[in-house]
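Please open the model in your viewer and keep the selection panel at hand. The tour goes from one stop to the next, saying what to select and what is found there.

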Amino acid sequence: MQELYGSHWILAALLVIPLIGALAAFAAGEANAKRVALAVGIIEFVVSVPLFWTFDAAAVCQQSGLVGPGQIGSLPVPFQNCGDVAWMPDWGIHYRVGLDGISLFMVLLTTLLLPLMVLGSWTYIQQRQRLYYSMLLALTTGVVGVFVALDLFLFYVFWEMVLIPMYFLIGIWGGKERIYAAVKFFLYTAFGSLLMLVAILYLFFQVRALVGTPTFSYFDFIRLPLTGTQQGWLFLAFALAFAVKVPMFPFHTWLPAAHVQAPTAGSVVLAGVLLKMGTYGFLRFALPLFPHAATARTTVTIAMVLGLIGIIYAAMVAAVQPNAKRLVAYTSVAHLGFVVLGIFAFNLQGIQGALLVMIGHGLSTPMLFFLLGMLYERRHSYEVGDFGGLAASMPLFATMLVFAAMASIGLPGTSGFVSEFLVLLGTFQSNPFVALIATAGVIFAAYYMLPMVQRTIFNRLDRRENHAIADLNSREMAILVPLVILILWIGVYPRPFLDRMEPAATALVEGLQNTRLAPDPARVANVGVPPMPELP
Amino acid sequence: MLQHTTEAVGAHGTFHPFLLGWIVLLPLLGFLINGVLALMWWRRGPAPAGPEPSEQEAHAHGGDAHPGVEEQHPAPLDKPWTRTLPSLVAPGVVLAAFAIALVNFWGMLGAELHEPVIERYWSWMPVGSLQVDAALQLDQLSMLMTLIITGVGALIHVFSVGYMREDPGYPRYMAYLNLFIFFMLVLVLGASYPVMFVGWEGVGLCSYLLIGFWFKEQANADAGKKAFIVNRIGDAGFLIAMMLMFANLGTLSFSEVFAAAPGGLAYGGVVVTAVCLFLFLGAAGKSAQIPLYIWLPDAMAGPTPVSALIHAATMVTAGVYLVVRSSVLFTMAPTASLVVALIGALTAIFAATIGLKQWDIKKVLAYSTVSQLGFMFAAVGMGAYVAGVFHLMTHAFFKACLFLGSGAVIYAMHHALHATHNPADAQDMRNMGGLKRYLPVTFATMGIATLAIAGVPPFAGFFSKDEIIGAAWLGAGGTSPMAQATLLGIPGTAVMGFIGGTLTIAALLTAFYMGRMMLYTFFGPNRTGAEEERHLHEAGPTMTVPLVALATLSAVGGFLNVEHEVPIVGWFDFGQGAALHHWLHPVIAGSEEVVRANLGELMEPHHAWWPIVLAIVIGVGGLLLARALLNPDALRPAGVEPDYTSAPERVLYNKYWIDELYHALVVRPVNVVSQVFYRVFDRGIIDGIVDGGARMLQGIGLYTGTRVQTGQTNTYAFVIIIGVLVVLGAFTL
């Protein structure tokens with residue numbers, strides 16, 4: 001077990017199982033596609049789960065990289081499950097994958113949500129089921145790939161690969177304005193991605209020019225000496241791609257549109273993991289690759305201000321939404337604002353808190369979307385005004401909604417509190433005033449969430465069609481209960497999570513702190529990797 | 001996962017806490033059992049044969065809820081055990097917790113601990129230099145609070161069995177109540193600020209759920225929401241205080257903060273003052289002080305036992321507990337302390353004036369609670385921590401008794417009004433009158449509690465309230481650690497003199513409005529109606545026994561802390577002396593240390609005769625004044641009695657229009673700004689630019705079909721092409 005789970009085969013399996021599943025689901029036919037998808041989802045999850053226990057935070061493994069002038073060799077890196085297979089060696093493109101404390105939980109979150117999404121689509125999706133479940137599974141491969149890729153080219157392929165199934169999920173199975181939403185989603189993200197592609201290629205040519213060897217390896221890129229100006233522009237290109245994905249104000253308007261139109265599972269995967277690709281991108285790439293630019297005063301100021309705007313502005317906008325799904329979409333912007341603050345606090349509490357927000361938000365917001373989807377299946381509406389008094393006719397639903405709302409607004413005992421508390425503590429140490437303003441987000445969270453809860457499940461049950469509405473069935477409870485358990489687990493005993501992410505976060509923080517102190521922009525935060533050898 | 005490391009430090013032998021964790025866990029267990037029952041109960045069962053037990057009927061027994069015409073609704077699966085099981089489990093777990101607490105109390109009495117006993121269970125938030133343990137701390141203060149919470153809580157649970165058993169949401173109600181006890185115990189037993197915050201927000205959640213318990217009335221749900229949001233404003237202050245502490249002291253556990261603060265922070269410095277002010281913001285939210293008191297009167301929308309337990313006896317005193325717990329910090333920040341005391345005194349008199357003119361019996365008690373909490377804050381703000389806790393305790397007794405008594409009144413009124421389908425308001429005192437003939441036990445117990453709150457010797461409130469007002473006069477004479485500080489240039493002695501005067505007037509008003517409430521409710525002719533009158537009767541023993549128990553505590557609770565050297569008060573020293581002072585001394589020893597280190601020895605207090613005589617005159621006089629000025633015989637029922645017409649009466653009846661003011665100054669503007677953000681920025685500017693860009697693309701023919709269904713395929717094609725191009729583009733480079 002330990003041997004298998006220490007190898008890169010396990011990551012390969014996580015990438016391949018959904019792909020095969022996608023083909024199988026397509027081949028299975030309309031009636032059975034969802035059963036196949038569910039089986040594949042469960043297998044994927046079950047295969048991934050032992051990673052949580054076999055993960056060794058102190059592990060180091062070998063990756064190919066420059067070890068001497070013009071010489072590719074084996075390089076110790078603070079990752080595990082490392083895989084390294086030449087793909088297009090002429091261009092230095094390898095299948096390079098690995099796992100560390102930052103990516104581990106993103107992968108696990110993705111594999112957890114997959115079977116839940118299939119269950120959530122069980123009766124929701126009535127048309128073109130083969131295609132739908134294939135798309136869902138293919139999407140999973142893309143997302144897992146984004147989180148495990150350690151080759152910038154491979155990363156980019158997966159990054160784009162996510163875009164296409166997501167586009168179809170919204171565009172085919174979405175609501176009335178699905179095309180508008182899908183195109184908006186696509187244009188925004190494609191715009192960001194293209195800039196990142198240009199930056200990746202620039203880096204590639206820089207390395208090649210310097211050492212004469214083509215490579216897309218993450219570990220070569222982060223050791224590349226870059227001037228301050230170079231870092232600034234490249235950081236900007238990467239940061240734009242990620243900022244759109246997060247999304248950070250003012251690049252966020254695709255998100256409410258996409259959420260409102262997307263089918264339940266689309267919203268779940270979007271809020272649950274796709275947004276985290278943006279913040280993951282900052283942690284994995286934008287910060288370690290361009291530490292000098294990332295820690296520059298201007299960058300930090302802009303990031304903090306945009307994060308703050310996200311927290312306050314999005315919360316206020318959320319409060320005036322009559323459409324519950326749009327409301328929850330805006331709350332995502334607010335929560336991800338906390339992640340941005342935590343990341344740019346450049347200390348352990350901030351970054352570990354940010355990672356924990358990414359996980360916690362990936363549980364509580366999907367829970368909210370699942371619940372809204374369940375309501376939609378019954379009443380074909382997301383408008384809060386169409387409901388009221390549901391606690392009387394749907395007590396289980398009401399209980400779950402209150403729980404999800406409380407998790408979302410960060411009540412202690414849920415994941416939301418631990419994570420946002422850590423972010424606030426971290427932010428306060430680096431910038432007290434930002435933390436003071438961000439704390440207002442705690443108030444606004446109650447201000448937008450409680451009226452929605454009240455108008456949905458409390459007040460008078462005054463609509464006849466809401467009287468006979470059926471409460472949650474066992475399939476729906478099977479979706480929600482795992483989320484409830486995890487939210488409480490992280491809220492009460494987050495240590496297993498914190499311990500696993502600690503070394504990666506520490507390395508990142510130390511690298512960034514050192515860079516901030518160093519006057520020379522060429523210094524790089526080499527995240528535990530030996531420095532680049534003397535180059536000709 | 002569970003690692004116990006128990007420290008037992010005792011002066012007279014060692015003390016090992018007995019099942020400390022179970023005190024907290026038992027109510028949680030009760031919550032789980034009742035919660036499962038509640039959900040099972042509400043799951044739709046087979047349609048009952050025969051006439052449906054209409055919800056309306058059951059609702060009417062619930063008391064406070066105004067039984068309107070309920071919609072037809074599938075009857076819940078109602079089995080006898082869904083009523084008997086919660087009746088046994090819910091009070092049972094709290095009683096068991098109380099029993100365990102008592103065992104610990106006996107142990108602590110013998111051991112004379114100087115240090116708190118801390119039980120660590122697991123490491124909660126270990127991140128870098130931050131170490132927060134899931135740990136409980138038992139010391140004299142948390143012990144006292146635990147006894148109050150589980151003791152008074154158990155009585156109120158028993159009362160609830162009688163009061164709520166007929167309600168269709170009975171198991172749900174009991175589940176919430178148990179959950180509340182759990183969080184409240186976490187609040188007072190937590191060994192660090194973050195653990196305390198768990199309880200702090202947890203009780204807020206329970207308060208929210210219980211205020212809106214009868215959620216079908218929008219007003220109830222609104223009140224719950226208001227309570228939660230206003231409390232969150234305070235919670236933000238609590239969070240900021242924690243950030244400040246961690247940034248400056250590197251720790252958040254009580255023992256470490258209080259050990260590090262005297263050396264790590266400057267006495268009277270900016271940091272400690274800011275910490276204390278932010279903590280007080282949190283306290284003002286939870287304990288309903290100016291400017292955040294507005295949620296508490298609305299919270300009366302919840303069932304009356306909830307008002308007694310949460311909104312009088314326990315949760316709302318959490319802010320006082322917070323200040324006393326942080327006494328080291330507050331003593332180090334005398335200016336912040338003066339702010340606390342001043343706000344407390346102003347709240348005390350402000351709320352008391354509103355209480356003068358309310359007709360709703362629960363509203364009178366609600367404003368009374370706000371006012372009494374003001375007394376407690378005035379005490380702790382002047383450094384009279386024990387006096388604050390003393391009043392917290394006696395207030396828990398007499399106010400719980402008063403609220404439960406009002407519950408018994410409302411219960412009887414509801415039954416009477418329901419019997420004749422009279423839609424009149426069961427909580428309006430104008431519809432009551434002469435109830436002492438029908439509810440003798442309720443009258444007697446509420447009478448005792450009224451004497452206690454009014455400050456008539458030798459009832460409990462006399463001793464605690466006198467100690468607070470006495471502390472103000474002494475402080476004005478210079479014996480308070482806050483005396484040498486200044487607030488906006490005004491010397492502390494002057495501030496405390498002002499507080500003394502304010503509290504004296506507030507005490508007079510207290511006696512007066514309580515006398516008014518008793519007169520209008522229990523004296524004079526009955527105004528309920530001739531037919532209804534015959535249905536007025538006392539409730540069963542589940543409701544009267546808790547009343548008698550609380551009335552007894554209200555009568556004798558004050559003897560727990562008798563300062564021998566105070567004139568008249570000293571007569572009641574039967575050898576116990578100032579037992580509470582002695583008991584709590586280890587808890588506030590740290591603050592005394594701060595005083596000694598920074599101010600030297602304070603001058604000995606000199607107790608004069610006149611304050612105590614004044615206090616008695618005010619307490620008795622206020623009640624007599626009400627009797628002299630008010631005539632219950634002339635009052636008419638709510639529909640007939642004219643509204644207030646004179647300007648001062650209208651101002652007080654309408655609560656100074658503060659709710660309306662907040663609505664205009666805060667709620668409306670926030671809403672308007674939110675709308676502007678959404679419509680102007682989000683949809684207008686940002687989306688305008690994005691959509692404009694998209695239209696430009698459309699113009700060049702790359703992009704088709706925003707709304708056109710047939711344009712789908714074009715778009716797919718476009719997407720696929722772009723995607724493939726992007727990937728292939730990289731290859732060819």
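Select Glu217(B) together with Arg460(A), whose side chains meet in a salt bridge with N and O 3.8 Å apart, the term standing for a side-chain nitrogen of Lys or Arg within 4 Å of a carboxyl oxygen of Asp or Glu. This is a predicted model, in which local features need pLDDT of at least 70 and side-chain atom pairs count only at pLDDT 80 or more, while totals for chains, interfaces and linings use all residues. Residues are numbered from 1 along each chain as its sequence is written, chains are lettered from A and ligands numbered from 1 in the order in which they are written, and side-chain values use heavy atoms, with hydrogens and water left out.

Glu217(B) is partly exposed, at a relative accessible area of 25%, and Arg460(A) is partly exposed as well, at 29%; on this scale, with a 1.4 Å probe and protein chains only, buried means under 20% relative accessible area, exposed means over 50%, and partly exposed lies in between.

Now widen the selection to the whole meeting of the two chains, where 77 residues of chain B are in contact with 84 residues of chain A, contact being heavy atoms within 4.5 Å. How many salt bridges are counted between chain B and chain A? The count is 2. On the side of chain B that touches chain A, colour helix 1 (20-42), strand 1 (117-127), helix 6 (193-211), helix 7 (218-249), helix 25 (658-699) and helix 26 (712-732), each of which supplies at least two residues; helices (H or I, at least four residues) and strands (E, at least two) are DSSP runs, numbered from the N terminus.

Then look beyond the interface, since side chains of opposite charge can pair when their charged atoms come close, and the structure holds 22 salt bridges over all chains. Within chain B, select Asp428(B) and Arg430(B), whose closest N and O atoms are 2.7 Å apart in a salt bridge, and note that both residues are buried.

For the last stop, go to chain A and select Arg379(A), Asp386(A), Arg463(A) and Glu465(A), which are linked in a network of salt bridges.
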